[in-house]
Amino acid sequence: MPSSAVQVAGVTLLRQKKAVLDNISFTVPAGSFVAVLGGNGAGKTTLFRTLLGLEKPSAGQIWIEGQPVQKGRMPIGYMPQVRAMVAAQISGWSTVAAAQQGWKWGLPFYGKQARADIDAALAAVDAQALAQRPVGSLSGGERQRLMLAQALLDNPHILLLDEPLVSLDPARMRETAERIHTLARDRNMTVLMSTHDINPLMGLMDHVLYMAHGKAVLGRVEDVMTTQTLSALYGAPVEVIKAGNRLFVVAEGGGASLQSCMCMGHGA
Amino acid sequence: MLEYEFMRTAFLAAFLAALVCGPVGWFLVLRGQSFASHALSHVGFAGAAAALLLGQPALLGLGLGAVGGGVAIGLAGDRLVGRDVTIGLVLSVAMGFGALCLHFLTHSASSATALLFGDILGIGSSMLGWLGALSVTCLMALAFVARPLLFASLQPEQAEARGVNMRLLDILFLMIVAVATAQCAQITGVLLVFTLMIAPAAASLRMGFSPLLGMGVATLLALLEAWLGLVLAWYTNCPTAFWIAALGGSVFIAASLFCRVRGS
Ligand SMILES: Nc1ncnc2c1ncn2[C@@H]1O[C@H](COP(=O)(O)OP(=O)(O)O)[C@@H](O)[C@H]1O
Ligand SMILES: [Mg+2]
C-alpha cells in the first residue's frame, strides 16, 4: 500500500471565475485521521467532491493511493452533508442497501452475502435496530449513523465524511467522533472529516486541514492551530484562544466578526 | 360479463397496464416525479391528436409525443429553471397544441373524448397485441435500470460518487414513464393516467414496504383498481374512467387511514 492515501498538488477549481480551491497542495498519509476545518463556504464540500472526481479542477493533480482520480472507481466511502431524506417511508435497511453495488444494472436483489455485508455495516455503527424503522421517523443524528453505515459498505480504504457531527448535541458529537475514530483504527482507514467545531475531535485527530478563502494548510494540530499560521491563511489577524483543552479561533477585535470568522468552538 | 369478447379484452388490457403502472408509479412517487408523469400524458395527448389529424394511429402519436416530452424534460432538467416550472410549461403548451389539432379534426369528437378519458371497451385484439409488447418492453427496461435508479433516488450524491450517470438514468427512466403513460392512457385516458399510475404507488409507499415488495403491492392495487372499475362500470351507468379514478382516491385514503391507525 502506498504511504500516501491522498495527494493533492496545486489544485485550483474555479466556479463562476472565482477560485473556490486556490492552488491547494497537501498530502494525507495512509491511516491518518484528518479534521477538515473551515467556516461556511471555505470549500470543504467542494474539496471532497473534487477528490471523488465529481468536480474537474482547472489546474493541478490528485492521486488517491498513488492512482490518478477516476470517478466512481475509488476505494472511498463517502458520506455527504445532510439533506432532507426524500423517501421518508422507506426503511433504514432498504436505504442503506440501495448503496450495496447500487451502480450495477439489474434488479435490486440482495443475495446472502450482500445481506450479510449490509448487516455488518449496520452493526459496525450500532444501527441494526434503527434500520428497521422508516427513515422519516429518525432524528438527524440517527440518519447520519445510517449514512455512515452506507459509507462503510465495500470496505473502503478512505472515508470522506462531510460534516457528520452537524445537528448533534455536544455529548453525541464526541461519541460519534470516537465511534468513527475507533472504526478507522480497527479497519486501517484514512479519514477526512469536515467539521465546524474542532473540539469534539481533540485528542482523536492526527492532522488538521484548515481551509479559508480557497487556501488550505495541513499539519499537526499544534502547528496549524496557531495565531500565526491561521492569520497567514486568512490574510487577516485572527487569534487562537486555548481554554482548558478547547480551542477557539476569534477574529481580532472580536465582537461582530467573531461569528463570521469563528470556525470552531461554541461559547458554552 | 366475461362472455363478451370486448370485456375479456378490456380485462386483459387493464391487466397489462397495471403490470407496468405498479413499478413505474412506485419509482415516480419515490422520486417525487409524479407531476412529470402527469405532464408526459398531456404531451402524449398532443402527439395523439396530431397523429389523428395526419391519419395515423393515436397510440403511435401518443407514444412518440410522450417519449419526446420525457427526453425534453430530462435534458432540460433543473438547468433552466425550477423543474416544476419547466414541466408545467411543457404541459400547458402541449395541451394548447392538442386543442389546435382537435379543432381541425372536426369529424371525430368521439376520438377526442376517447383520448382524454380513455376507451377501454373499444380496444381491439390487435391493439391488445401492441399493449402487450409495450408492457414487456417497459418492464424489461425498468428491470434493467431498477438497481441504479433506486440508488440514485435514495442517495443521489453517493450514487454520483460511485459513477452512476445521473442524467442518462433520468432520461432512461422518463422514457420508460412515457411508454407506460402511453399504454395507461388507453385505459384511463390522458387526463386520468395519474389515478392508475400514482394512486396505487403512493398508497403502497405509504405503507412502508421494502422496494421490491412495495412495487408488487402497487401492481396489485393498480390491478384491483382497474378490474374493480371495469366490474363497477358494467353494473352501473357510470364510465370506467370515473370508477378507476374514484377507486384510486379511495385506495390512497384507505392506506393513509391504515397508517394512521397503525400509528406510523
Ligand atoms: N454549485 C455551485 N455553484 C457556484 N458556486 C458554488 C457552488 N457550490 C459551492 N459554491 C461556492 O463554492 C464555495 C465553497 O463551497 P463549499 O465547498 O460548499 O463550502 P463548505 O462546504 O466549506 O461550506 C462557496 O463560496 C460557494 O458559494
Ligand atoms: Mg459543505
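## Helices and a loop residue

Helix 8 of chain B is followed by B:Gly189, which has a positive phi near 80°. The model is predicted: local features need pLDDT of at least 70, side-chain atom pairs count only at pLDDT 80 or more, and totals for chains, interfaces and linings use all residues. Residues are numbered from 1 along each chain as its sequence is written, chains are lettered from A and ligands numbered from 1 in the order in which they are written, and side-chain values use heavy atoms, with hydrogens and water left out.

Helices are DSSP runs (H or I, at least four residues) numbered from the N terminus. Helix 8 of chain B spans residues 166–188, and its 31 Å from first to last C-alpha is close to the expected 33 Å, where the expected span is 1.5 Å times one less than the number of residues. Of its 23 residues, 17 are buried, so helix 8 of chain B is largely enclosed by the rest of the structure. Buried means under 20% relative accessible area and exposed over 50%, with partly exposed in between (1.4 Å probe, protein chains only).

In chain B, the loop between helix 1 and helix 2 holds B:Gly32. B:Gly32 is exposed, at 63% relative accessibility. Its C-alpha lies 9.3 Å from that of B:Ser153, 121 residues away in sequence.

| Helix | Residues |
|---|---|
| Helix 1 of chain B | 5–30 |
| Helix 2 of chain B | 34–53 |
| Helix 8 of chain B | 166–188 |

Definitions and conventions
Helix = DSSP H or I, 4+ residues; strand = E, 2+ residues; numbered from the N terminus.
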